[in-house]
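Reader: I would like to learn how to read a structure like this one. Could you take me through it feature by feature?

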Amino acid sequence: MKTIPHKIYLSEDEMPRQYYNLRADMKKKPAPMLHPGTLKPVTAADLEPVFCKELVRQELDETTPYFDIPGEILDFYKIFRPSPLIRAYNLEQALNTPAKIYYKFEGNNTSGSHKLNSAAAQVYYAKAEGIKALTTETGAGQWGTALAEACAYFEMPLTVYMVKGSYEQKPFRKTIMQTFGAEIVPSPSDTTEVGRAMQKKFPNTSGSLGCAISEAIERAVSSPGARYVLGSVLNQVLLHQSIIGLETETAFAKIGDYPDVIVGCTGGGSNLGGLIAPFMRDKLLGKKDIDIIAVEPKSCPSLTRGKFAYDFCDTGKLTPLAKMYTLGSGFIPARDHAGGLRYHGMSPIISELYAAGQLRAKAYKQTEVFAAATLFARVEQILPAPESAHAILGAIDMAKKCRQSGEAKTILFGLSGTGNFDLAAYEQYQNGTMVDAVPTDADIKESLKTLPKV
């Protein structure tokens, strides 16, 4: 029997040279975004004041299956890619499961996450178009860090609106972004009309990704030569992140295996969307029958308790409307530690696939997520990000089911990032002060009242 190594590496020559556009193989496409004023499908002309032209083209193109990756982006990727596919032998042993567990590790860069894949692409396209500065938001800080890295590499000024709760919990994220030259503003702030309005309405708020998005967009459209970039949710982001799944597909082919189950954490959908892209293609084309599981926090349960409807992507209602699973653009989740999973909505691609039954969703409390993270760290020697730990728990649950049934399934999950900046969260878990905050049905019902009438 062939022995599978702990780490399956690809060479630079085996790196994907194209992004894969999953929408091209979806029979039912995601619903078009709508202009917030006219409620008609957005056009390129509507989006170009906010995004650079190439990203707008990628956002709206639902028929082209593959996009070439420019050489300048590939050169940047080679600093930290290809990333390894790792067989979790020690976790399998700890769980006493017949299942084979693999994880795709995206933490081998300073941001500690998969976010750098899209950050590099978005900054490159903006630079190539002559854009002079970028703005963005960040929740956990991974996207802001990744974008700061890419902006430093391509010499692009950057302003980051960081959700205030994360800004206070993770001060060293601010430091590292500043090291790469970014300006960091806690959100809501007094630098924008949206921020001032939120502070007035909710004086003690910890902020939300929706609010930070609004502030970043307001800053971009009011600054000559600037554009806005987003780290998740959008079609263009899932396109760039497909490099994760494409590398994983090649790695599995090298060892003669293929996943039966794929588990990914979901906040806005970029990590899961990137990981599953080629495997979902096989499922949609009838080549494989894969169980795909999206895992989210119970504190922000957009898939498991949200509504599939048109909604604004930001709190300030500056963005186009997207049809997605949403808790309402004004939803402000509790101060839990999975900052990157605290978005009120979900990628339209992931939402459409979920509505069609092509994937399922689970939600967990953060104390049980950190229990899984602690086990994983002790046996696999990597401290996972709180976001990634949701996928770990989902994979563990599936491995336990295999132990009960005796099935030797192949389980793949995305280890989207490391938890080296999340030590305050781990300390709370270890000393027993971590709490589980779950919105009530009344909370969600009230938030959903703000959905636009479409």
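This is a predicted model: local features need pLDDT of at least 70, side-chain atom pairs count only at pLDDT 80 or more; totals for chains, interfaces and linings use all residues.

Reader: Let's start with sheets. What is the strand order in the open sheet of four strands?

Author: Strands of a sheet pair through backbone hydrogen bonds, either parallel or antiparallel. Here the order is β8-β7-β6-β9, with parallel pairing. Strands (E, at least two residues) and helices (H or I, at least four) are DSSP runs numbered from the N terminus, and two strands pair if DSSP finds at least two bridges between them.

Reader: Which strands stand at the edges?

Author: Those are β8 (183–187) and β9 (226–228); each has a single partner strand, so one side of each is left without a neighbour in the sheet. From one strand to the next, the twist averages 20°. Angles run from 0 to 180 degrees between N-to-C directions, and axes are lines fitted to C-alpha atoms, for helices over the stretch in contact.

Reader: How many bridges link β7 and β8?

Author: Five bridges, in the parallel sense, with β7 covering residues 158–163. Tyr161 stands opposite Val185 in β8.

Reader: Which way do the residues of β15 point?

Author: In a regular strand the side chains alternate between the two faces of the sheet. In β15, Thr410, Leu412 and Gly414 point one way, and Ile411, Phe413 and Leu415 the other. Six of the six residues in β15 (residues 410–415) are buried, where buried means under 20% relative accessible area, exposed over 50% and partly exposed in between (1.4 Å probe, protein chains only).

Reader: What pairs with β15?

Author: β5 (residues 100–105) runs parallel to β15 and is joined to it by six bridges; Lys100 has Thr410 as its bridge partner there. β10 (residues 261–265) also pairs with β15 in the parallel sense, over three bridges, with Ile262 opposite Leu412. In turn, β10 and β11 form a parallel pair over five bridges, and Val263 stands opposite Ile293 in β11. As for cover, six of the seven residues of β11 (residues 291–297) are buried.

Reader: Now helices. How far apart are the end C-alpha atoms of α5?

Author: They are 20 Å apart, which agrees with the 20 Å that its 14 residues (116–129) should span at 1.5 Å a residue. The expected span is 1.5 Å times one less than the number of residues. Of those 14 residues, 11 are buried, among them Leu116, Val123 and Tyr125. After α5 comes Gly130, with a positive phi near 95°.

Reader: How do α5 and α6 cross?

Author: Two packed helices are described by the angle between their axes and the distance between the axes. The axes of α5 and α6 (residues 142–154) come within 8 Å and cross at roughly 40°. The two helices are therefore oblique to each other (under 35 degrees counts as roughly parallel, over 145 as roughly antiparallel, 65 to 115 as roughly perpendicular, the rest as oblique).

Reader: And is Ser166 buried or exposed?

Author: Ser166 is buried, with a relative accessible area of 3%, and sits in α7 (residues 164–169). Its side chain reaches the backbone oxygen of Gly139 at 2.6 Å.

Notes:
Residues are numbered from 1 along each chain as its sequence is written. Side-chain values use heavy atoms; hydrogens and water are left out. A polar contact is a pair of N or O atoms within 3.5 Å; within protein, one must be able to donate a hydrogen and the other to accept it, and residues adjacent in sequence count only if both atoms are side-chain atoms.
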